[in-house]
Amino acid sequence: MGRYVIRRLLQMIPVFIGSTFLIFVMVYALGDPVAALFGDKAPDPATAARIRKELYLDQPLWKQYLHYMGQIFQGDFGTAFNGQKVTELLASAYPVTLRLTLVAVVIELVVGITLGVVSGLRRGRTVDTSVLVLTLVVISVPTFVSGYVLQFLFGVKWAVIRPTVSPEAPFSELLLPGTVLALVSLAYVTRLTRTSIAENVRADYLRTAVAKGLPRRRIITRHLLRNSLIPVITFIGTDIGALMGGAIVTEKIFNIHGVGYQIYQGILRNNAPTVVGFVTILVIVFLLANLLVDLLYAVLDPRIRYA
Amino acid sequence: MRGATHAKWAVCAVSVALAATACGGGSTVAEGAGIVRSSWGDPQNPIEPANTNEVQGGKVLDLLFRGLKRYDPKTGEAENMVAEKIDTTDQQNFTVTLKTGLTFSNGEKVTAKSFVDAWNYGAHIDNKQNNSPFFANIQGYDDVHPASGNAKAKTMSGLVVKDERTFTVKLKEKFSTWPETLGYQAFSPLPQAFFKDHDAWLKKPVGNGPYTVESYTKGSSMKLRAWDGYKGPDKAQNGGVDLVVYTDNNTAYTDLMAGNLDLVDDVPAKQLKNVKSDLGDRYINQPALIIQTVVFPMYDKRWNKPGMEKVRKGLSMAINRDEITKQIYQETRTPATDWTSPALHDKGGYEEGLCGDACTYNPEQAKKLIDEGGGLPGGKVQLTSNVDTGSHRDWMDAVCNSINNALGKGAVCTVNPVGTFADFKNQIAGFKMTGPFRSGWQADYPLIQNFLQPLYATGGSSNYGKFENKEFDGLIAEANRESDPAAAVAKFQEAEKILAEQMPAIPLWYQNGSAGYSDLISDVQLNQFSVPVYDQIKVS
């Protein structure tokens, strides 16, 4: 088990190097950022040349990449054009997005699994049908629609919450954005759980448990749910990465200065250090989330073991 | 127990993932009385006077600094601020005398040295300041800012400190309206603290204006408070200003509606239809010093051969400006009839209708002119612009439709959208365009000179189309030598008439500044740079 985890962690190194290189090349392909720093005016050639030199932009691509990686290993992720260190940006944006993701995942888990279990156990009945229709509706509404509508209703019309999130972004302010972010995945979690439960309800081991005379509650939580959660956990694991990086729309609507917003800014301004730094950390989050999911399989199903 | 070990490892992996994320947070400061809460965008560059060339950083400079002159928000006239007088006898050598008793908010005196040091810093190549070309007409600029290689001097020879209150400026050539340019923020004075500990200054800028920085969190907010020790005539009428960075102007507008924000100085395009019912008379829509044009690549022979001026004019006449500004921009743009801006006013050189018929929609005449001129090069025309902001895609489509309808030859006009502004800038700065492209121009100071010389004079710093015309250049030079402002303006307008003949750039529309505000504040106005005049805002 321990060796398995170490092996997996070691495998992350080549993935890390490969992904940073790919992202670096992609941002590089966006073009030279220096001219845009001068706004509508034509860039002053001498000043532009100095800035290019300072940013290593006058070097060939491979040298730029080596220089960048060299800096990363010294803990220097570069600087955004407004003079802020990328490490500072990372330190301010990631906790915010992580809190947002946490809110979203908790909502997904609690609401999604509950609804899934309820409808899975009552397959074909009214409850089941209404849950299915409801999830269908949720899946078909894009995030920016649900985001703006809920923001307007709760924030402006009924004025029960602040429509936007303050820079500190405490959990209480992230409830609505978290719900909006969770909505689509929530529907998927519900449907996955429902199918899985409906399937396992008819499994042999469950009939055995019933025959043994175990209480219904224990049958559902210990036997049925535990085995049915494997596909759901797989989904959530990949979803964590998607939620963190893909929250651009939600973050824009609710004024959350998180990862999505910073990456968007970085792309608009062609700032390679910002984009590469943020995406690299996202890659690591993805890798860790996947590792976690694989380990959770073993927790849920004792038949799975890692050596 | 096997399950327990598994769980342990799972927890371990989670903690690795979480280790990097110490949960941040802080307390929100309670809203003090008389504070204006205003929307903001993250400034592109660090906030330094000579390095800020966009509106967001410009807002802060306007709150923190007062230069030698300041433009009256209503008339646009340059009035003495820190300067007591600026004298010249030959339009080339200027003597600047400062008012007495003025200080920076850290207690340092505002002296001649504060200006000379700041200007030398701004011009020096090693400091990589965006606005360094503003000092280019001072004698000795080429020594501190050579076109290539290292600087030959530390300071510009044209700047000499005479005493604590006086310094002299020698320009490279005659420039009669030079003192009028000094209201631009790049010419702000800097305290010695700026040079002694630059990093600390950037974290908490110190200036000589009506406000001081209380706290600054980069990328999210800046709290400015009225400075009691300010001695200028434009003391703050409110307790302070909180600038809050928004991810999106729609979000800021929502916060204004919900009462969490007092002032939004950029009303989002999709709210323009509702803004009058939402805000009533708390909505401002007035001309700013911004004009949008479509520039022809005059370096491309196909667009520059004799006879093509007719084609260029014809294209201009094929654009239905009235319809487009109404439909797409809800009248936040005004159809252009010259190459300046109404925010200059008549005295400053704006002349309505100077362009004449060439800027009036007339599809028949347009078609005739284009045919006379030999038709479009290759029978086609392609418009290029970045499309990441400003509804550029929408108007380009509309302009092309307008041209196609007027010419009646099918889809001869097409649109070439460019994803980011940075990419677009690289394309036009590389002088490799084969068709007309968008050019937006926000003037740095309310002078007609700034709308003409940098854009259309030979070798002009932002002459993206490489338009060259000896007669035009001659008139600009004459105007700059003219000592009488009215006569200078007349000469500039004479030069502008050549643009109407040659049409190197089609004026599309003047861009307005727009703002909306809550019922908690009053006396809100925008200056000609579409920045709110914060110091005059009253909070109820």
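In chain B, the side chains of D397(B) and R393(B) meet in a salt bridge, with 3.4 Å from N to O. A salt bridge here is a side-chain nitrogen of Lys or Arg within 4 Å of a carboxyl oxygen of Asp or Glu. Side chains of opposite charge can pair when their charged atoms come close. D397(B) and R393(B) are 4 residues apart in helix 14 of chain B, which means that about one helical turn separates them. Helices (H or I, at least four residues) and strands (E, at least two) are DSSP runs, numbered from the N terminus. D397(B) counts as partly exposed because its relative accessibility is 31%, and R393(B) is partly exposed, with a relative accessible area of 37%. In these terms, buried means under 20% relative accessible area, exposed over 50%, and partly exposed in between (1.4 Å probe, protein chains only).

The model is predicted: local features need pLDDT of at least 70, side-chain atom pairs count only at pLDDT 80 or more, and totals for chains, interfaces and linings use all residues. Residues are numbered from 1 along each chain as its sequence is written, chains are lettered from A and ligands numbered from 1 in the order in which they are written, and side-chain values use heavy atoms, with hydrogens and water left out.

## Salt bridges

Over all chains, the rule gives a count of 33 salt bridges. The table lists some of them.

| D397(B) | R393(B) | 3.4 Å |

D535(B) is buried, with a relative accessible area of 4%, and R66(B) counts as buried at 1% relative accessibility. Both residues belong to a network of salt bridges that links D62(B), R66(B), R70(B), D234(B) and D535(B).

## The interface of chains A and B

The contact (heavy atoms within 4.5 Å) takes 67 residues from chain B and 60 residues from chain A. The area buried between the two chains is about 5,300 Å², of which carbon and sulfur atoms give 58%. Buried area is the accessible area (1.4 Å probe) that two parts lose on being put together, summed over both.

On the side of chain B that touches chain A, helix 1 (2-19), helix 7 (249-258), helix 15 (421-429) and strand 16 (437-442) each supply at least two residues. Helix 1 of chain B gives the most, with 10 residues.

S132(B) lies in the loop between helix 3 (112-123) and helix 4 (141-144) of chain B and counts as buried at 0% relative accessibility. The side chain of S132(B) reaches the backbone oxygen of Q129(B) at 2.9 Å. Leaving aside neighbours within four places in sequence, S132(B) is in contact with residues including D44(A), T47(A), A50(B) and H145(B).

## Helix 13 of chain B

The buried residues of helix 13 (residues 363-372) of chain B are P363(B), A366(B), L369(B) and I370(B). These residues are on the same side of the helix because they cover an arc of only 125° around the axis, the arc being that of the directions from the helix axis to the C-beta atoms. What covers them includes helix 10 (308-317) and helix 14 (392-407) of chain B. Helix 13 of chain B is followed by G374(B), whose phi is positive, near 100°.

Definitions and conventions:
Polar contact = N/O pair within 3.5 Å; in protein donor to acceptor, adjacent residues only side chain to side chain.
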